[in-house]
Amino acid sequence: MNTVDNTVNLSPIGIFQCISKYPAEVPRQPNWAQNEGRIELYPEFADPQMLQGLQEFSHIWVIFVFNRNSKWKVMTDPPYKGAPKVGTWGSRGPYRPNPLGLSCLQIEKIKGRHILVRNHDILNGTPIVDIKPYVTQSDSHPEARNGWLEKYNRQIWPIHFSNKALEKAHWVQQWAEIDIFGFIYTQLGHDPTDLQKTNSGTGNSNL
């Protein structure tokens, strides 16, 4: 009797680098972010031939590992006030049997073996396992349904700094080595009245 080996081995192709080290510093979706980061490809995966053509795209799919999670959950609490728990397969929470995350990021520049991106939801030190171009003709579906999310409107609250507050925030970010701006935009820019809101996992796509 023949048996099939279903073991899957993944080797990171690089690592994500940014100022954000804590989950509370990054939003749950890239398009809610106002930040920068970069993918540092390991030398064996940074052959110029492998990168050929990528610079012609504006966005990429980034597949990464939720390397800070040691267990998975059957259900998750969506970060929407009043929303009931949903199943793992009905969410994009980070606590999954296979801890893989997926983000669509905007390419800023490709420099050597570094891919600079804008507006991300990934923490510093996150292993990257694959990148693929975002293709509008196949990846964009304007007619798609949003399931249970259609009942909840995620409002983005504008954040304005006084000159003094901005000066102090820059000082904190420089000397405390925390992404204070990421923390403020994430915690106050998305439903600041929700006292029960928590931010866990590695900061990516927790619907």
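Predicted model: local features only at pLDDT ≥ 70, side-chain atom pairs only at ≥ 80, totals over all residues.
View 1. Glu 40 lies in strand E2, which spans residues 36-41. The residue is classed as buried because its relative accessible area is 16%, and the cut-off for this class is under 20%. A polar contact of 3.2 Å links the side chain of Glu 40 to the side chain of Arg 113. Apart from residues up to four places away in sequence, Glu 40 touches Ile 13, Gly 14, Ile 15, Gln 17, Arg 113 and His 114.

**View 2. The barrel that contains E2.** Six strands form a closed barrel in the order E1-E2-E7-E6-E3-E8, with antiparallel pairing. On average, neighbouring strands of this sheet are turned by 45° against each other, direction ignored. Strands of a sheet pair through backbone hydrogen bonds, in either a parallel or an antiparallel arrangement.

**View 3. Strand E2 and its partners E1 and E7.** Strand E1 (residues 14-17) runs antiparallel to E2 and is joined to it by four bridges. Within this pair, Gly 14 stands opposite Leu 41 of E2. Strand E7 (residues 114-118) is likewise antiparallel to E2, with five bridges between them. Here Arg 38 is placed opposite Leu 116 of E7.

View 4. Strand E6 covers residues 100-111 and pairs with E7 in the antiparallel sense over five bridges. Lys 109 has Leu 116 in E7 as its bridge partner; Leu 116 also stands opposite Arg 38. Two residues lie between the strands of this hairpin, where Gly 112 adopts a positive phi near 60°.

Conventions: Residues numbered from 1 in each chain as written. Heavy atoms only, no water. Buried < 20%, exposed > 50% of the residue type's maximum accessible area, 1.4 Å probe, protein only. Polar contact = N/O pair within 3.5 Å; in protein donor to acceptor, adjacent residues only side chain to side chain. Contact = heavy atoms within 4.5 Å. Pairing = 2+ DSSP bridges. Axes fitted to C-alpha atoms, helices over the stretch in contact; angles between N-to-C directions.
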